[in-house]
Structures are given as structure tokens and as C-alpha cells.
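Dear colleague,

Please find below the structure for your records. I would be grateful if you could read it alongside the notes that come after it.

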Amino acid sequence: MRRLIPLALLLLHPAHGAAAQDSGARVFTHADTLRGSNTPQRAWWDVAFYDLHVSVNPSDSSISGYNGISYVVLRAAREMQIDLAAPLSVDSIVQEHRHLRYRRDGSAYFVTLTAAQRPGNRKTLVGFYHGRPRVAKNPPWDGGVSWARDSLGRPWIATACEGIGASVWWPNKDIPSDEPDSQRVAITVPDSMIDVSNGRLRSVSHHLDGTTTWEWFVTAPINNYDVAINAGSYAHFGRVFHGESGALTMDFWPLAQHLDTAEVQFRQAEPMLACFESWFGPFPWYEDGFKLVETPHLGMEHQSAIAYGNRYRNGYRGRDLSRTGLGLLWDFIIVHESAHEWFGNSITAKDHSDMWVHESFANYAEGLYTECQQGTAAGARYLIGSRANVKNDRPIVSIPGVNSTGSDDMYYKGGNMLHTIRQIINDDARWRAILRGLASAYRHRTVTGRDVEAYISREAGIDLSRVFEQYLRTTRIPVLEYRTDGATLSFRWSDVVRGFDMPVKVLIAGAEPTLLRPTEAWQSAPLRLSSPELLRVADGFYVISKAIPAASGAGVKPMLFRSPGPP
């Protein structure tokens, strides 16, 4: 059954009606609401621990297993929602030695509990399941399980499920706002294969039926889509990174035939970690370690087990997304996906509508890494070059509660929004402190986009709410309109949200860089320009400048320039 966005969502979030229209007025389904919202059958319990055991059978592309779900009761209830996507199916659900009744609604199973669920109690139930999971046709974008073969014809299996959800291959509470405090990931594969999953390897158990169980353990909170199977014919080598929180183990798992190449390419991980620790603070998972694991798909930010499929080439599959040449100086997947360890994994958006918290910061981190390697100007040039990829097709922030993400502009436009905010603050020491403080304040937590926006504004001492509103929730780039009339420059913002008053630095031939404080109303300042073309906006500000005929600026308000201080 299909239905429109729930009225309650539009009443609670009036701006989302416009967002739906901007995004093509997509009609959301009942299944979207079950998948994306904190339903009553989800809201009363908090996940504490997942005990996941999965057997993988490459011969028929099937899996089977169980997940023990330990949870804390927040308030009394009798029905629990567990998610598992077709074509997988639940065999049974057990609690306290009792088989529980359940009903299925698409990919959601509603379980009737018989034991008393008293607030504060910790309970466990176990869901057993089996089937052939959805095959990933174009991973990681079209998620599921990849049943691939490596170059030597050996089985190579990997999961990638961001967006589509972890329930595509294992039963869980498939909503990003609730993470377990820790998790076991025990994967059984044929003896000829090695499984590399999240966290640290605790045991390897060989069985008489020709299979081996690789048991991994994650000691920290982890979002569901980060949990991964990576099974193949792997080699292993390691290093130690001496970082801000001590010794961090670095483990690398390439396919065996790629070991020599990987030992060279993966050297980039150490300077990347040093750069990101300097900007974002300590790596968030010292307890679980850092890993790169070769996969048949391009890559994913699987926590403490980054999926790597860039074929040991610099750039993005050998291409420079910034069109500057700078993106060919480092491996995109190592840098971008590892940045998600801070933004996406440690700090996780409560709802997929705020996925910009993951992707905008990871894109911005690409520029910071370029800055660490090549200097401040090069980092800025990389980010500015990536603006060519912005489509402005839909807002970056989407509709909450329906498992919907906004435009892919969350990458390049979002990264340039952050770069613009850096220019507004105009104090790199403070900007670094804001980024480090943000990573620390929300370490291992789930957040809303508004939480992040408020933190940056508060720590900057500047109200940036309209800046965020403009770049995240509209498809418009601010336009600085200006005109010259003798010895007077007139200027204003157009195509902006109401009250937009972002300061902007302009460069004028023969003069010092100058900070203007435009509003939507015309203002003026004494300045003689022989030609409007002699004025340009500093490149760091992601805006459009537009010279207009003099007659359009009648009734302007005089305003003096202010020096922006050091660049």
C-alpha cells in the first residue's frame, strides 16, 4: 500500500513540505515509514548488545544464523519490531526458552512478548533466520551481498548496506538512532576463506564440516550498516600508528595476490591518520583498531574495517573529482572512507535525512588532507574545484522518518559550505578547535543535523543558522548583486533565505581584501571602480557574484567597509 508523507511529519516539520516539492514530491510508502521512523514498537527499548552469528554458503548464495538482541526496557510494552528484509525469513524468535508469536509486515516483524517488560530491566531475545539475501547489483550504492570471484576465480563475498539497511542481511533494530554498546560478529565460511569483520579478532574455530568461524568483537557503539562480512583469500600485514591516544594497531587485509601492491599503497594510511587527528582529534576506535580490507566493491566506511576497492590507484578509480590534479596525489577511498570514522561512525546521524553530517564532513576532510600534504592554498583549490560536481537538484536535507536521504550535493556542496564557514570565522585556530570539539562532544553518539549546526554556531560565536538553512535546505547558491555608480559601490544578497546576512570577503584590484556585510536590502559604500569586473568575491566563499545595471540600485543604504583581518 502506498501513501503520502504522514501528516504528523509535516505538522512537526513544516519546512519538509517544501523539501518534498524540491525533491520531486516523492510519494513514500508504508514500508518507508516502518523502516525509517522510530515506531512505537521500537521506541520503548534501547539496544545494548548484538550477538550475531552467520554461516555463509557460497555454493548457493545463502546465509543462515541468529542474532541475540540484548536490550534495556525504557517503558513497559508487549510488542517489539525486528527488521529483516525479504527474501530472508525468520525461522523462530525465542525469549527465556519460549518461542514467541510474530506477524510480518513487509520487512518488519512484530513480535508479541510474553515475559514482563519492566522499565530498567535488561532482556535478551534471539532471532533465527535463513535464506538467500538480496544480491548487491551495483554495490555499494545498490546494497546487499556481493557474491563475487577474485582474479584467480576464488569466492569473494562482501556486504554493503548503507541506505538499504543492515536488515538486508541480518535481523536487528534497523534505525540509525539506536546503536548497540558493543557487538559480536561471528562469521562461518568454508575453510578456504578468511572473514574479516569489525573490531578485533577473538577466535578462529575450525569445524568438522569443512568450515571455520571467525569471531570478531566490537567494544564500542557501532551503527548497523557498518557491520560487515568480508570473506575471501586474504593476506595480512600490520603496522602501529603512534597517535594522540597512544599506540593504534593498523591491520591491512588485501587479497593474497595483491600483497606487494597493498604494502606500498596502504602506506598512505599513516599520514592520513596523522592529518585527521590534528584536525578532528584522536581516532575514535583505539580499542578496536584501524583496518583496511580489500573488497569487490569500491568502498564503504565500515567501522574499524574500512572496505577498500579502489584497485590500488590514486584518485577516485584513477580520476580526480576536483579536476585540479590534486586528487591524484592520494587514494580517494583510503582518505574519504577513513574520514567517516570520525563523521559517520563516531558521530552518527539519527536519521538518514541528515546524512550530510557524514558526507559533507568526509568531503571536507579530503580538502584538509590535501592541505596537510600540499599546503593551505592547495586544500582550498581542491574543494573549490569540486564545486563543478554540484547539481543543485534537491535539498541536501531530506524528509525525516521515511529512510530518505537528500541530494548527493551533500558531498561537494556540503564540503564547500564548511569551507565557506571557515572563511566566515576567519580564524583557523578557532576552526580547528571547533572541529576537534565537535568530534569530542559527540564522540560515539548519534546526533541530529541541528545539533551539529548549533554546536558550530555556539563555538564560533556567530549565528550561522541562516547559512546552514541556505546551503542545506534550499537548492540555491547565494547571489551577491553589486553595482558601481561613480565613487559608490552598492550591494545586496539575492536568491537567499529570509534574513540571510552572511559576511563575504571581496577582492578589488589595487585595494586590500575587504569584508562586506550584505543583507537582502541594498547597501552602499564609498568606492570608485573603473569597471565592475575589477571586483570579485574571494574564492573561499561559495557564492555567485553578479554585476547589475546602475539603475537597479535606487534607494541604497550607506555602509562602510570593514577590514577582514588576516586572510
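The notes below cover the disulfide and the salt bridges.

Please bear in mind that this is a predicted model.

Disulfide. The structure holds one disulfide. Cys275 is joined to Cys372, with an S to S distance of 2.2 Å. This pair links distant parts of the chain: Cys275 belongs to helix H6 (residues 269–280) and Cys372 to helix H8 (residues 356–374), 97 residues apart. The link of Cys275 and Cys372 is right-handed, with 75 degrees about the S-S bond. Cys275 is buried, because its relative accessibility is 4%, whereas Cys372 is partly exposed at 34%. Another cysteine, Cys161, is buried, with a relative accessible area of 1%.

Salt bridges. The search of the whole structure gave 22 salt bridges. One of them pairs Arg42 with Asp83, the closest N and O atoms lying 2.8 Å apart. Arg42 is in helix H4 (residues 40–43) and Asp83 is in strand E3 (residues 79–83), so this pair ties together parts that are 41 residues apart in sequence. Arg42 is buried at 0% relative accessibility, and Asp83 is buried at 4%.

A salt bridge also connects the side chains of Arg422 and Asp428 (2.9 Å, N to O). Here Arg422 is buried, with a relative accessible area of 5%, while Asp428 is partly exposed, with 38%.

Arg466 and Asp463 form a salt bridge through their side chains at 3.9 Å, N to O; Arg466 is partly exposed, with a relative accessible area of 32%.

Yours sincerely

Definitions and conventions: Residues numbered from 1 in each chain as written. Predicted model: local features only at pLDDT ≥ 70, side-chain atom pairs only at ≥ 80, totals over all residues. Heavy atoms only, no water. Disulfide = S-S within 2.5 Å. Helix = DSSP H or I, 4+ residues; strand = E, 2+ residues; numbered from the N terminus. Buried < 20%, exposed > 50% of the residue type's maximum accessible area, 1.4 Å probe, protein only. Salt bridge = Lys/Arg side-chain N within 4 Å of Asp/Glu carboxyl O.
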